[in-house]
Amino acid sequence: MPAAVSEAALDEERAYLLRAREELARMRERTEALTVHAGDRISAEALERTLARRLAQLADDPHVPLFFGRLDHEETSGGEVFHVGRRHVSDTAGDPLVVDWRAPVSAAFYRATRQDPMGVAVRRRYGFARGSLTGFEDEVLSGPSAADVGRSEILEHEIERPRTGPMRDIVATIQPEQDVIVRSELDRTVVVQGAPGTGKTAVGLHRAAYLLYAHREQVTRRGMTVVGPNASFLRYIRDVLPALGEVDATQTTIEDLVSTHGRLRGTEPAEVARLKGDARMAQVLRHAVWSHLGEPAEALVLPRGSMRWRVPAHEARDAIAQVVSRSPRYDAGREQLRYALAHRILQRIEASGDALDERAWDTLARTKPVKDYTAALWPAIAPARLLHRLLSEPETLARAADGVLTPDEQAALVWADPPRSPGTARWTLADLVLLDELADLLERTTSVAHVVADEAQDLSPMMLRALGRRARTGSLTVLGDLAQATTPWAVRSWADALDHLGKPDGHVEQLTAGFRVPGDVIEYAARLLPQIAPELEPPVAVRRSRGELMLTTVPTIDLVTAALARDGSVGLIVPDATVPQVRRLLAGAGLAFAVVGEDDGATSRPAAEEAEVTEFDSRLDLVPASLAKGLEFDHVVLDDPAGIVDGEASRELGLRRLYVCLTRAVTSLAVRHQGDLPSELA
């Protein structure tokens, strides 16, 4: 790397950046000028959506650099020069000024090494400040002047750069091991086991962006879904895909995915929720559904003119067995039985010499006797009504759970005070997941092309099944850290999770290089790993900066005020139970802050200020410990670690929660304690 960059070289690159911005503006103006002409309203709406998506992809933020790198290829590889950026920009002749980071030619920017230069002579990284180019570094990868590349100051600065607001993309800092995951093929399900600070969430979102680029038509047509643990987390990651020019992915939570079956209104003991999330419940529900099939006791009789056509009971029994052998969805099976019975009548009519038209089979299947006979043997089922019966009637549950759940487990599931009807039931999240399973037993759930599931270590087996069926004919990117599992129903291994997802051949990648959490902080938090996840490799901080770690009894307000005096975002993480108390404390001190997880995301501000912003748009966020997962702040003040541990159902879950909270800092962590620290941190 050169010790200094000439001003002339910088001016040349700045001129190139200006030209690229002018051409991007031209591309947008040309798109805006297009007029939709279509033969019908549906086609017109589809074209309008395509144009709107294209305009969104061409949006230019002057504070975000159009390119962040450059590849100078060897003469033997064509000697071409490519600027690598967030989106493709071309000139009026169609020649690329900036190539998309997802294009095949850009892979070398992330993977080329001196040992394998991939045809690259020089890799250049640019430094920017508010969109203005401030410098660059060159890495000579091939030729006589090639040398082992040292640490990149520009790369480190970008990783450690303070920021306020939601999560940003890492497209300029993707590491080789991350790029391998990002560019995985669409048909491959990948689990990313990532320690804190390894960038697993960003890797998952960048893989989503890559798949939308590499398989545009297929993924856009079939859909992509990003699933996060809660609404606050989705607000935190909301800007990543749009910043990469992608707006076609649906972002949701498990709760929202299953809320079509009912409204979340209740809670329940952790042990009951764990049992409802057990994979054995799928077998119980299957038994409950298919137990509705009846046994034919008499023949089907269909009057037609002066004739009465009959299907004997034993033939009806055979028809049911044939349909069941095909393993259809329950509702589809009922339709198949109706047509199977009609087919037998049709055969008898044709054998008598009566000529029928091609619509006769469908007409016979729709007659009232055939429909009534089918309904008696294969009755319709409403998921909510069936689950209401299972949880209200011990004898009904016992028949479905016989040989699957123990009597004590069955007793734990039955409501102590059953609601009068499904409409008055206070469904819990675990109940809604069971309703989702029931709905899939009746009618196949629609599959999308790809699902990205973040913080997946907290999902129950039944929740994983709900995700898996939404990618039944597609694939998944599963992101998580077993050491951060904080629910009683969490799976214990990724192999088990892949089985529940229906993707046993999925591949597990482990990220342990911590680029975000500083060394002193991650090593302190790793003291908990022998107790919470002894089987995992401890994370390794790769930054030169060790960060700042302070264990103190200094008052919370003093610590927060000191953090706010520095650049970057500040997160005050507290036990859930103390949020109201700490909120009053901050308000009394006249500090502006947002409370993570509030429905409206409103920020509390001093009375003299009228402006209002949402969570992650404030310098200071008050974070309940239960919502800290997945979030990052430049500076973290963690209040009452013992209280965080004690706030969970068990000490192991409490230590896992504390591990999460300790690893949210990018630059500094101040741990404020009143009494002794948890002994596991000693």
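Me: Are α14 and α16 roughly parallel or oblique to each other?

Reply: This is a predicted model. In it, the axes of helix α14 (residues 330–351) and helix α16 (residues 368–377) come within 10 Å and cross at roughly 135°. Angles over 145 degrees would count as roughly antiparallel, and 65 to 115 as roughly perpendicular. The helices α14 and α16 are therefore oblique.

Me: Is the crossing of α14 and α16 left-handed or right-handed, and how many charged residues are in the contact?

Reply: α14 passes α16 in a right-handed crossing. On the α14 side stand R334, L337, R338, L341 and I345, which meet V370, K371, Y373 and T374 of α16. The contact holds five nonpolar residues and one polar, and the number of charged residues is three.

Me: How is α12 oriented to α18, oblique or roughly perpendicular?

Reply: Helix α12 (residues 280–290) packs on helix α18 (residues 394–401) with the axes 8 Å apart and an angle of about 110°. The range 65 to 115 degrees counts as roughly perpendicular. That makes the orientation of α12 to α18 roughly perpendicular.

Me: Which residues of α18 make the contact with α12?

Reply: The contact of α12 with α18 divides into five nonpolar residues, one polar and no charged. From α12 come V284, H287 and A288. From α18 come L397, A400 and A401.

Me: What is the bridge partner of M224 in β9?

Reply: Strand β8 (residues 224–228) pairs with β9 in the parallel sense, over five bridges. M224 has its bridge partner in β9, and that residue is A249.

Me: How do α21 and α22 lie, roughly parallel or oblique to each other?

Reply: The axes of helix α21 (residues 461–469) and α22 come within 7 Å and cross at roughly 50°. The crossing is right-handed. Contact residues are P461, L464, R465, L467 and G468 of α21, with A497, H500 and L501 of α22. Angles under 35 degrees would count as roughly parallel, and α21 and α22 are therefore oblique.

Me: Which are the edge strands of the sheet with mixed pairing?

Reply: This open sheet of six strands has the order β3-β4-β2-β1-β5-β6. Within it, strand β2 (residues 81–85) and strand β4 (residues 96–100) run parallel and are joined by two bridges. Helix α1 (residues 7–32) lies across β1 (67–73), β2, β3, β4, β5 (120–129) and β6, running at about 115° to β6. The edge strands, each pairing on one side only, are β3 (89–90) and β6 (132–140).

Technical notes:
Residues numbered from 1 in each chain as written. Predicted model: local features only at pLDDT ≥ 70, side-chain atom pairs only at ≥ 80, totals over all residues. Heavy atoms only, no water. Pairing = 2+ DSSP bridges. Helix = DSSP H or I, 4+ residues; strand = E, 2+ residues; numbered from the N terminus. Contact = heavy atoms within 4.5 Å. Axes fitted to C-alpha atoms, helices over the stretch in contact; angles between N-to-C directions. Left-handed = near helix turned anticlockwise from the far one by under 90°. Nonpolar A, V, L, I, M, F, W, Y, C, P; charged D, E, K, R; others polar.
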